[in-house]
Amino acid sequence: MKIKDFETSYKPTWCPGCGNFGIWIALKNALVELGLKPEQVLMVHGIGCSSNGANFTRAYSWHSLHGRPVPTAVGAKLANKDLTVIALSGDGDAYGEGMSHFIHAIRGNANITYITHDNKMYSLTTGQASPTSNKGFKTKSTPDGLIEKAANPMSLALAAGGTFVARSFSGNAVHLKDTIKAAITHKGFSLVDAFQPCVTFNKLNTFKWYFDRLYNINEQEGYNAQDVEQAYKASLVWGNKIPYGIFYQKARDTYGSNLPQLKGTALIKRKVQVRNIDQLTKEFA
Amino acid sequence: MKTKNNLSWKIAGEAGFGIKSAGMMFGKIFMRTGYEIFDYTEYPSLVRGGHNVFQLMVDVRPVNSVTKNVDVLVALNQNTITENLSDLCKDGVLVYDSDVIKVSAPKLKQNHVHGIGIPLSTIAKDAGGELMRNVVAIGATLALVGQSLTVANKVIRETFKHKGVKVVNNNIKALKAGFEYVKQNYKEDFICELPNLDKKDNILISANESLALGALAGGLNFYVAYPMTPSSSILHYLAKVAQKTGTVVKHAEDEIAVVNMALGAAHAGARAMVGTSGGGLALMSEALGLVSLTETPLVMVNVQRAGPATGIPTWTEQGDLQFMLHAAPGDFPRMVIAPGDAQEAFDLGAEALNLAETYQLPVIILSDKLIAEGNTTVKRFKTNKVKINRGKLLTQAQLNKMKKYLRYKVTEDGVSPRSLPGMKKGLFIANSDEHNEYGFSWESSENRIKQVDKRNRKLETFAKVMPDPLVYGNPKAKKTVVFWGSNKGAILDSYVQLPENIKKKIRVMQLQYLWPFPKKFVSRILQGSKDVLLVENNSNSQLGNLIAQETGIQIKKKLLKYDGRPFYREEIISALKKF
């Protein structure tokens with residue numbers, strides 16, 4: 001497979017310089033390097049700038065409702081475990097409308113990958129504060145500055161029992177591609193929160209802002225990504241320096257692997273036939 | 001000793017007294033003896049305390065409704081005398097726990113009922129525990145209606161087997177003690193006898209469990225739900241048999257997750273269903289339009305309870321019909337069907353999955369608390385009439401032969417061939433935006449009209465083969481009773497009790513398929529009627545409004561009930577006699 005195989009005839013509708021391009025390129029490269037074919041991949045998109053990628057990315061795609069890609073992805077994976085299921089959304093989608101799904105899906109550890117295109121604001125709706133916007137951030141919906149503290153996807157994912165918790169940056173295509181590959185390969189719910197500057201509406205969290213702050217946590221001496229305490233401490237670091245990389249990765253049973261009825265052939269590949277219920281009616285006799 | 005062909009029995013007391021379990025055992029005993037059963041529970045939404053009532057209808061002929069008046073009332077606490085003594089019919093028998101209940105002879109006389117005081121608590125304690133007073137009461141009632149203990153002993157053994165030998169033996173002792181107490185102390189003429197019947201191949205089951213079994217028979221392999229009374233027993237039952245049946249049953253975090261998870265599974269190719277009550281469907285309605293726009297097959301069960309908001313959550317009502325017809329923003333096709341009893345719930349549970357896959361849209365099954373939680377005897381379900389129809393689902397071989405595959409291809413019947421993720425040459429976008437034939441977001445006027453019309457055509461296609469409404473009674477009669485859903489039991493059970501001269505003047509029409517609306521059939525029946533009576537469990541005649549909207553015919557005579565109670569047979573009989 002080539003990069004082109006994962007592109008449709010539709011051209012991206014993102015603004016020139018948009019951070020989403022970096023994620024898109026990294027994702028396509030990751031899929032090619034993993035040797036996946038478009039028909040083996042189900043991409044479940046949310047609603048927002050990033051999710052308009054449903055039209056540009058060639059695969060089986062589901063363009064869901066705002067906030068809802070995660071449960072849809074979990075359902076599809078349980079029904080057909082042979083599919084590579086990737087949920088994609090923005091930060092509003094993931095941590096606003098979809099926050100509860102995010103937490104519960106992590107608890108269940110279904111074997112899907114979730115790539116959040118985190119630009120720290122709502123952009124398709126022309127610029128309002130999002131759950132990951134910094135406190136004090138002035139936007140159309142918060143002209144006097146955002147009162148709430150920013151949600152912390154890394155800490156939240158760890159607290160919910162995340163088994164693959166990573167942060168990357170669309171300005172570092174190689175790191176992002178490698179992180180996505182590791183996420184897809186990981187057995188369980190894998191989160192890649194990808195920082196991506198909105199060049200049109202977010203004048204604070206720019207490419208430069210990230211380049212000035214980000215450092216690779218996995219290159220830190222002594223950092224052990226299997227140690228949840230270290231991961232949690234690292235997840236709280238935010239300021240002049242911001243860590244990125246795989247904060248935490250550990251094996252745990254997936255939701256599907258805990259269902260004996262899903263052993264063997266994928267559920268939807270079994271023949272659907274009239275089920276014999278003679279044994280079942282006995283308890284009512 | 002007089003012989004009776006039916007018995008209406010009620011047991012009441014506090015939640016936690018084992019009211020329902022006693023009723024279930026009692027029902028099973030009579031079913032095993034060849035009787036037909038219908039049961040009905042009234043309980044508040046709490047676990048301990050409150051007033052719980054279980055009513056059991058025992059009959060030699062099929063029964064699917066309750067009467068207001070009962071033959072035997074078993075009172076386990078004083079409150080039952082206050083709340084339910086007036087439920088006894090003339091010459092009815094009150095069996096009460098004389099250890100804890102005081103009831104004066106004049107009061108019994110004033111109510112024209114007989115009282116049998118039994119120290120239920122003491123007898124139960126002697127047998128091994130006070131909690132067994134419900135079993136003592138079963139023994140006492142069996143003696144009152146001239147039954148033996150043979151079947152009862154067996155049912156008790158089965159019921160308590162999982163609790164160990166000691167519990168089984170104590171309960172057998174309690175049963176016998178109650179039975180003997182009546183035999184020794186009461187020889188009055190109010191004691192009756194129910195005739196001996198031949199055993200039947202019946203089961204005692206609720207419409208919730210029937211629906212679940214029907215869906216299982218019909219190839220269900222993915223069920224998602226969030227607990228909500230009175231739909232929860234579908235979830236409980238399917239979860240219990242999930243491993244045995246190879247079904248994924250998921251209790252998701254909320255109803256929004258429920259419907260989206262089921263959609264993901266259905267999109268991948270599962271035969272998927274969700275279940276809830278009205279409030280849960282309110283949350284799911286966000287995704288209802290998405291089901292229809294992406295043309296994903298999904299069965300959605302709404303077991304109605306009495307709303308709005310929390311309402312009276314453990315009571316029955318038919319208040320969601322208009323909601324189901326209109327839920328979710330936008331203009332899109334859906335189907336709405338309503339079973340009238342457990343057998344119909346089984347049949348429609350299987351068929352709904354076929355409809356969803358054949359027409360690739362949401363199929364809503366509208367049930368309600370009365371039948372969903374009430375158990376009834378039905379002939380043991382057979383699957384010989386169940387068929388699997390997956391509609392235009394493509395195989396890989398079919399896809400390979402296609403020059404160009406388009407998931408949302410505009411077709412004459414409105415249904416487009418469907419590939420599944422994972423198939424080669426079948427790529428598409430299931431898009432919540434309006435889309436072209438591939439699935440790309442596309443907002444042109446021409447495309448919009450083509451796709452909207454295509455989706456709407458699916459209902460026109462179905463309308464041509466849709467089953468007609470059911471007509472009972474004299475098909476040529478000029479007086480027509482119209483209903484939907486669980487009122488079937490009360491109406492048909494009442495109908496057979498009417499004098500022949502009234503019966504022959506009445507026909508009864510049941511609307512099982514409510515949307516698309518069977519316009520021609522209903523118009524013909526109503527136009528051919530001199531008088532029409534509408535019976536509904538809601539305050540604003542939601543079916544009546546639908547009929548008016550679709551046929552222009554306003555039904556003036558209405559029998560509406562919205563106090564959370566089902567129609568009692570007495571009410572229907574009285575209305576039909578005046579009709």
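Visitor: What stands opposite A:Trp62 in E17(B)?
Guide: That residue is B:Ala430. Helices (H or I, at least four residues) and strands (E, at least two) are DSSP runs, numbered from the N terminus. This is a predicted model, in which local features need pLDDT of at least 70 and side-chain atom pairs count only at pLDDT 80 or more, while totals for chains, interfaces and linings use all residues. Residues are numbered from 1 along each chain as its sequence is written, and chains are lettered from A and ligands numbered from 1 in the order in which they are written.

Visitor: How many bridges join E2(A) to E17 of chain B, and do they run parallel or antiparallel?
Guide: Three bridges join E2(A) to strand E17 (residues 429–431) of chain B, and the two run parallel. Two strands pair if DSSP finds at least two bridges between them.

Visitor: How many residues of chain A are in contact with chain B?
Guide: Chain A has 46 residues in contact with 55 residues of chain B. Contact here is two residues whose C-beta atoms, placed from the backbone, lie within 7 Å.

Visitor: Which element gives the largest share of the side of chain A that touches chain B?
Guide: H2(A) does, with eight residues. The elements that each supply at least two residues are strand E1 (41–45), strand E2 (60–63), helix H2 (69–79), helix H4 (99–108) and helix H9 (278–281) of chain A.

Visitor: And what has that side of chain A by class?
Guide: It has 26 nonpolar, 15 polar and five charged residues. Ala, Val, Leu, Ile, Met, Phe, Trp, Tyr, Cys and Pro count as nonpolar, Asp, Glu, Lys and Arg as charged, and the others, Gly among them, as polar.

Visitor: Switching to chain B, what domains is it divided into?
Guide: Chain B is divided into domain 1 (2–200), domain 2 (204–379), domain 3 (396–465) and domain 4 (470–578). The bounds come from an automatic or database domain assignment.

Visitor: What distance separates the centres of domain 2 and domain 3 of chain B?
Guide: The centres, taken over C-alpha atoms, are separated by 25 Å. Their contact takes 13 residues from domain 2 of chain B and 12 residues from domain 3 of chain B.

Visitor: Which elements give two or more residues on the domain 2 side?
Guide: Helix H11 (255–268) and helix H12 (278–293) of chain B do. The largest share, three residues, comes from H12(B). That side of domain 2 of chain B divides into seven nonpolar, six polar and no charged residues.

Visitor: Now helix pairs: at what angle do H5 and H7 of chain B pack?
Guide: Helix H5 (residues 133–144) and helix H7 (residues 165–185) of chain B pack at about 40°, with their axes 7 Å apart. That makes H5(B) oblique to H7(B). Axes are lines fitted to C-alpha atoms, for helices over the stretch in contact, and angles run from 0 to 180 degrees between N-to-C directions. Angles under 35 degrees count as roughly parallel, over 145 as roughly antiparallel, 65 to 115 as roughly perpendicular and the rest as oblique.

Visitor: In which crossing does H5(B) pass H7(B), right-handed or left-handed?
Guide: The crossing of H5(B) with H7(B) is right-handed. A crossing is left-handed if the near helix is turned anticlockwise from the far one by less than a right angle, and right-handed if clockwise. The residues of this contact divide into 14 nonpolar, three polar and two charged.

Visitor: And at what angle do H1 and H6 of chain B cross?
Guide: The axes of helix H1 (residues 19–32) and helix H6 (residues 150–160) of chain B cross at roughly 130° and come within 9 Å. H1(B) is therefore oblique to H6(B). Here too H1(B) passes H6(B) in a right-handed crossing. B:Met25, B:Lys28, B:Ile29 and B:Arg32 of H1(B) make the contact with B:Val151, B:Ala152, B:Val155, B:Ile156 and B:Thr159 of H6(B).

Visitor: Sheets next. What is the order of the seven strands in the open sheet of chain B?
Guide: The order is E11-E10-E12-E13-E15-E14-E21 (chain B), with mixed pairing. Strand E11 (248–251) and strand E21 (513–515) of chain B are the edge strands, each pairing on one side only.

Visitor: Which residue of E13(B) is the bridge partner of B:Val274?
Guide: B:Met300 is the partner. Strand E12 (residues 272–276) and strand E13 (residues 298–304) of chain B run parallel and are joined by four bridges. Helix H8 (residues 207–217) of chain B lies across E12, E13 and strand E15 (362–368) of chain B, at about 155° to E15(B).
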